[in-house]
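User: I've got a structure open and I'd like to talk it through. Can you take my questions as they come?

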Amino acid sequence: MVERVSVDIAKMHVVRAPVILYALGLGSCVSVAMYDSVLHIGGMLHVLLPSSGGYDLRDHTSTKFADSGIRTMYDAMLAAGAQRDRIRAKIAGGAAMFAPTPGEVTMGQRNVTQCKKALSELGIAILAEDTGGNAGRSVIFYTDTGMMKVKTIAHGEIMI
C-alpha cells in the first residue's frame, strides 16, 4: 500500500516516491507541487495567503504564505537531494469563492500571482496549472510520476 500524506492548510511536505501527497478543499488557497523527475523527490505546499510581508514569522509559519513557503519548500527539496536545475512545479487552486466586485482582485488571484512570482524568482518552471475560476478543488500529487490529479465538483477530474 502506497503511503498517502495530507498537506493541510499552511503546511508542506517533501517526500521520496512513491508517497502520494494530497490537499483537500482548496478554495482561494493554492497547492504548489515541486518535483525532481530523476530522483523522484516531490513536495507539496498548501498556500493560504500571498505574502508574509507585514507578518512576524515568529508568530506565523513560513508555509502559510506563497513567498516564504515556496522558498522553504525549495530549500527542503534541495536538502532532500533534489537538483536545482531539475525542479519543476505544478499549481492548482486560487478560486474566487465569492462573487468579486467589478475590478476586485480576489484572494485567489493574489495567491496565484504571488506563487508564480516566487517560483519565477527561483528559476522554477511551471509545467502545468489549473487555477482561478469559482470552483473549489482537491488535488492529488503522485511523486512516482510527477502527475497531479485535480478534482472539482463542477468540472470533474483532470490530470496535469
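User: Let's start with a single residue. Does Ala10 count as buried or exposed?

Analyst: Keep in mind that this is a predicted model. Ala10 is found in the loop between strand E1 (4-6) and E2. Its relative accessibility is 9%, and the cut-off for buried is under 20%. So Ala10 counts as buried.

User: And what is the phi of Ala10?

Analyst: Ala10 is not a glycine, yet its phi is positive. The value is about 65 degrees.

User: His40 has a positive phi too, I see. How exposed is His40?

Analyst: His40 lies in the loop between E4 and strand E5 (41-47), and its phi is about 55 degrees although it is not a glycine. For exposure, buried means under 20% and exposed means over 50%. His40 has a relative accessible area of 28%, so it falls in between: partly exposed.

User: What about aromatics: how are the rings of Tyr35 and Phe141 arranged?

Analyst: A search of the whole structure turns up one aromatic pair. The ring centres of Tyr35 and Phe141 are 5.9 Å apart and the planes meet at 90 degrees. Planes over 60 degrees apart count as edge-to-face, so this pair is edge-to-face.

User: How many residues apart are the two partners in that pair?

Analyst: Tyr35 sits in strand E4 (residues 30-36), while Phe141 belongs to strand E8 (residues 137-142). Both Tyr35 and Phe141 are buried. The pair links distant parts of the chain, with a separation of 106 residues.

User: Zooming out, in what order do the elements run?

Analyst: The chain has two helices and 10 strands. Reading from the N terminus, the order is β-β-β-β-β-α-β-α-β-β-β-β.

User: How compact is the chain, going by its radius of gyration?

Analyst: For 160 residues the globule rule gives 15 Å. The chain's radius of gyration is close to that, so the chain is as compact as a globular protein of that length, with a value of 15 Å.

User: What share of the contacts links residues 24 or more positions apart?

Analyst: Here we take the contacts with a separation of 6 or more. Within that set, residues 24 or more positions apart account for 62%.

Conventions:
Residues numbered from 1 in each chain as written. Predicted model: local features only at pLDDT ≥ 70, side-chain atom pairs only at ≥ 80, totals over all residues. Heavy atoms only, no water. Helix = DSSP H or I, 4+ residues; strand = E, 2+ residues; numbered from the N terminus. Rg over C-alpha atoms; globule rule 2.2 N^0.38 Å. Contact = heavy atoms within 4.5 Å. Phe/Tyr/Trp six-rings, centres within 6.5 Å; stacked < 30°, edge-to-face > 60°. Buried < 20%, exposed > 50% of the residue type's maximum accessible area, 1.4 Å probe, protein only.
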